[in-house]
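Hi,

Here is the structure I promised to pass on.

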Amino acid sequence: MKQHVVCRTDEIKRGHMKAFQVAGRNIVVYHLADGFYATQASCTHVFAPLARGKIVDGCKVQCPFHRARFDIRTGEVIDWANFPVGIQLLNAVRGQKPLTIYKVTVRDGSVRVSI
Ligand code: FES
């Protein structure tokens, strides 16, 4: 595992997120009230780009497609795909799966992600 400088801390305002490609992986970096976090960029349901979703309750990311919600700090599923009505049929073959998370370190004004 290696630390990669991804961006400067002021590139992502608090309460926002941004997608990056680092070491051949697509990730999203989040700036929450208590610091920076990183997860894989695509939803584990059917691969929607999470950076086009939104941050809710200060610590969860909501997928833009079917509104699954994940805890940004742990990757854990909070709510699985639930929109539109009927999406639950697809859930029979696309069961709940947490996001991969990455360790983030902030040093000298840079956000570094371990991959
Ligand atoms: S792709 Fe994210 S909830 Fe379906």
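Below is what I found, taken topic by topic. Please keep in mind that this is a predicted model.

Let me start with the sheet. Four strands form an open sheet in the order β5-β6-β7-β8, and the pairing is antiparallel. Its edges are β5 (54–56) and β8 (77–79), each of which pairs on one side only. On average, neighbouring strands of this sheet are turned by 35° against each other, direction ignored. Within it, β6 (residues 60–62) and β7 (residues 69–71) run antiparallel and are joined by 3 bridges. If you want a residue pair to look at, glutamine 62 has arginine 69 in β7 as its bridge partner.

Next, the nonpolar cores. The largest one has 17 residues, and those with the most contacts inside it are Tyr30, Cys43, Leu50, Val61, Cys63, Ala68 and Phe70. Strand β3 (residues 25–32) gives the largest share of this core, 3 residues. There is also a second, separate core of 14 residues, which includes Phe20, Val22, Val104 and Val113. As background, nonpolar side chains tend to be buried together in soluble globular proteins.

Cysteine 63 is worth a click. With a relative accessible area of 3%, cysteine 63 falls under the 20% limit and therefore counts as buried. Leaving aside residues up to four places away in sequence, cysteine 63 touches Cys43, Ala48, Leu50 and Ala68. Cysteine 7 is buried too, at 4% relative accessibility. How many disulfides does a search of the whole structure find? The search finds 0.

Finally, some backbone details. Most residues other than glycine have a negative phi, and most peptide bonds are trans. Against that background, which residues did I note?

- Alanine 23, in the loop between β2 (17–22) and β3, has a positive phi near 50°. Alanine 23 counts as exposed because its relative accessibility is 51%, over the 50% limit.
- Phenylalanine 47 sits in the loop between β4 (35–40) and β5, and its phi is positive as well, near 70°. With a relative accessible area of 54%, phenylalanine 47 is exposed.
- The peptide bond from phenylalanine 83 to proline 84 is cis, with omega near -5°. Proline 84 belongs to the loop between β8 and α1 (88–91).

Best wishes

How values were computed
Residues numbered from 1 in each chain as written. Predicted model: local features only at pLDDT ≥ 70, side-chain atom pairs only at ≥ 80, totals over all residues. Heavy atoms only, no water. Pairing = 2+ DSSP bridges. Helix = DSSP H or I, 4+ residues; strand = E, 2+ residues; numbered from the N terminus. Axes fitted to C-alpha atoms, helices over the stretch in contact; angles between N-to-C directions. Disulfide = S-S within 2.5 Å. Buried < 20%, exposed > 50% of the residue type's maximum accessible area, 1.4 Å probe, protein only. Core = buried A, V, L, I, M, F, W, Y, C linked by side-chain atoms within 4.5 Å. Contact = heavy atoms within 4.5 Å.
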